[in-house]
Amino acid sequence: MRCAKQTGIDNLPFREFALNEVWLELSLIASDLTVWTQALTLDGELAVCEPKTLRYRLLHTAARLAFHARRATLRIQNTCPWATELAAAFQRLAALPPPAG
């Protein structure tokens with residue numbers, strides 16, 4: 001429940017029930033995406049950390065998206081303490097097989 005509160009369930013911003021219902025659904029989707037991201041792409045401490053820690057360590061990493069020859073390259077700042085973990089997560093994500101269907 002604590003993890004769900006960190007993804008937005010703690011604050012229901014609207015007075016109308018229907019709008020809060022949508023907010024709750026989006027918060028649950030964010031929680032699911034966080035859990036699946038941790039399970040499929042991260043290891044060690046980052047695979048089991050709270051969403052707040054994950055946001056601080058990975059989602060706030062300084063990087064630049066560069067394009068060359070119609071190909072996008074993510075350039076992560078080397079001085080970031082979690083740059084290697086983020087690069088490894090992207091490599092694991094790229095190595096995943098495409099979904100069947």
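Reader: How far apart are the mean positions of the positive and negative charges of the protein chain?
Author: Lys and Arg count as positive, Asp and Glu as negative, while His and the chain ends are not counted. Each charge is placed at NZ of Lys, CZ of Arg, CG of Asp or CD of Glu. For the 11 positive and 9 negative charges, the mean positions are apart by 12 Å.

Reader: What kind of model is this?
Author: Residues are numbered from 1 along each chain as its sequence is written, and side-chain values use heavy atoms, without hydrogens and water. Local features need pLDDT of at least 70, side-chain atom pairs count only at pLDDT 80 or more, totals for chains, interfaces and linings use all residues, and the model is predicted.

Reader: Which pattern does the protein chain follow along the sequence?
Author: Helices (H or I, at least four residues) and strands (E, at least two) are DSSP runs, numbered from the N terminus. The chain has 4 helices and 2 strands. Their pattern is α-α-α-β-β-α.

Reader: Is Thr-41 buried or exposed?
Author: Thr-41 sits in helix α2 (residues 17-41). Buried means under 20% relative accessible area, exposed over 50%, partly exposed in between (1.4 Å probe, protein chains only). Thr-41 has 6%, so this residue is buried.

Reader: Which residues is Thr-41 in contact with, leaving aside neighbours within four places in sequence?
Author: Contact means heavy atoms within 4.5 Å. With those neighbours within four places left aside, the partners of Thr-41 are Ala-89, Arg-92 and Leu-93.
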